[in-house]
Amino acid sequence: MTPLPSPTPEEELDDFLRSVERRAFKRTVYAVRDEDAALDIVQDSMIRLVQSYADRPANEWPMLFQRILSNATLDWFRRQKVRNAVFTNIGDLEAAAGDGDGDFDLLEALTAQDGGTEGADDAAARTEALGQIEEEIAKLPARQREAFLLRYWEELDVAETAAAMGCSEGSVKTHCSRAVQALAKALQLRGITL
């Protein structure tokens with residue numbers, strides 16, 4: 001039996017980008033509340049990774065990508081702030097208010113994972129519960145939500161999360177602890193137990 005050929009670096013990078021694309025999009029939508037902006041931010045982040053870090057070892061890509069994505073999201077907020085200030089200065093208050101209010105439907109963005117042999121009632125209940133969990137995650141303060149998603153969704157450790165967020169490990173632990181407490185309380189009020 002002949003061994004399978006090793007993937008080329010380009011194939012490895014393509015596989016990595018495919019593996020993070022969906023989670024990165026959802027994380028960014030949580031942050032910016034605008035699907036089109038989130039898609040642009042994720043695509044720009046992927047391009048930056050490819051252009052600047054494709055030659056790095058593959059085990060460095062997850063951290064680099066998370067950092068690039070966080071910075072791109074912050075850049076988006078900075079541009080929005082400047083843009084809104086300009087709109088306010090020219091007296092176009094309606095346009096400024098409209099730009100900051102995305103029309104994102106979490107349930108539409110939620111795509112079910114492999115349903116397997118799950119019945120329709122179970123699938124519907126699971127989808128409903130996931131939708132409620134996503135709603136509660138979206139309500140978290142921005143830094144808590146970011147720390148929570150990086151730790152438990154992206155599965156980064158505390159040090160990696162701190163590096164991605166540009167803060168101390170202690171801050172990450174505090175943000176995560178508060179996020180978990182807030183989510184547990186909110187979900188319990190909704191009758192969801194995990």
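Reply: We can start with a contact between two helices: Gln132, Ile133, Glu136 and Ile137 in α6 meet Leu183, Ala186 and Leu187 in α9. Contact means heavy atoms within 4.5 Å, and helices are DSSP runs (H or I, at least four residues) numbered from the N terminus. This is a predicted model, in which local features need pLDDT of at least 70 and side-chain atom pairs count only at pLDDT 80 or more, while totals for chains, interfaces and linings use all residues. Residues are numbered from 1 along each chain as its sequence is written, and side-chain values use heavy atoms, with hydrogens and water left out.

Me: How many residues in the contact of α6 with α9 are nonpolar?

Reply: Ala, Val, Leu, Ile, Met, Phe, Trp, Tyr, Cys and Pro count as nonpolar, Asp, Glu, Lys and Arg as charged, and the others, Gly among them, as polar. By these classes the contact of α6 with α9 has one charged residue, one polar residue and, as nonpolar residues, five.

Me: At what angle do the axes of α6 and α9 cross?

Reply: Axes are lines fitted to C-alpha atoms, for helices over the stretch in contact, and angles run from 0 to 180 degrees between N-to-C directions. The axes of α6 (residues 120-139) and α9 (residues 169-189) come within 10 Å, and their crossing angle is roughly 135°.

Me: Are α8 and α9 roughly parallel or roughly perpendicular to each other?

Reply: Angles under 35 degrees count as roughly parallel, over 145 as roughly antiparallel, 65 to 115 as roughly perpendicular and the rest as oblique. The axes of α8 and α9 are 8 Å apart, and the packing angle is about 100°. The two helices, α8 and α9, are therefore roughly perpendicular.

Me: Which residues of α9 make the contact with α8?

Reply: The α8 side of this contact consists of Val158, Ala159, Thr161, Ala162 and Met165. On the α9 side are Glu169, Val172, Lys173 and His175.

Me: What is the distance between the axes of α1 and α2?

Reply: α1 packs with α2 (residues 35-53) at an angle of about 145°. Among the contact residues are Phe16 and Phe25 of α1, with Leu39 and Met46 of α2. The contact has 16 nonpolar, one polar and two charged residues. The distance between the axes of α1 and α2 is 9 Å.
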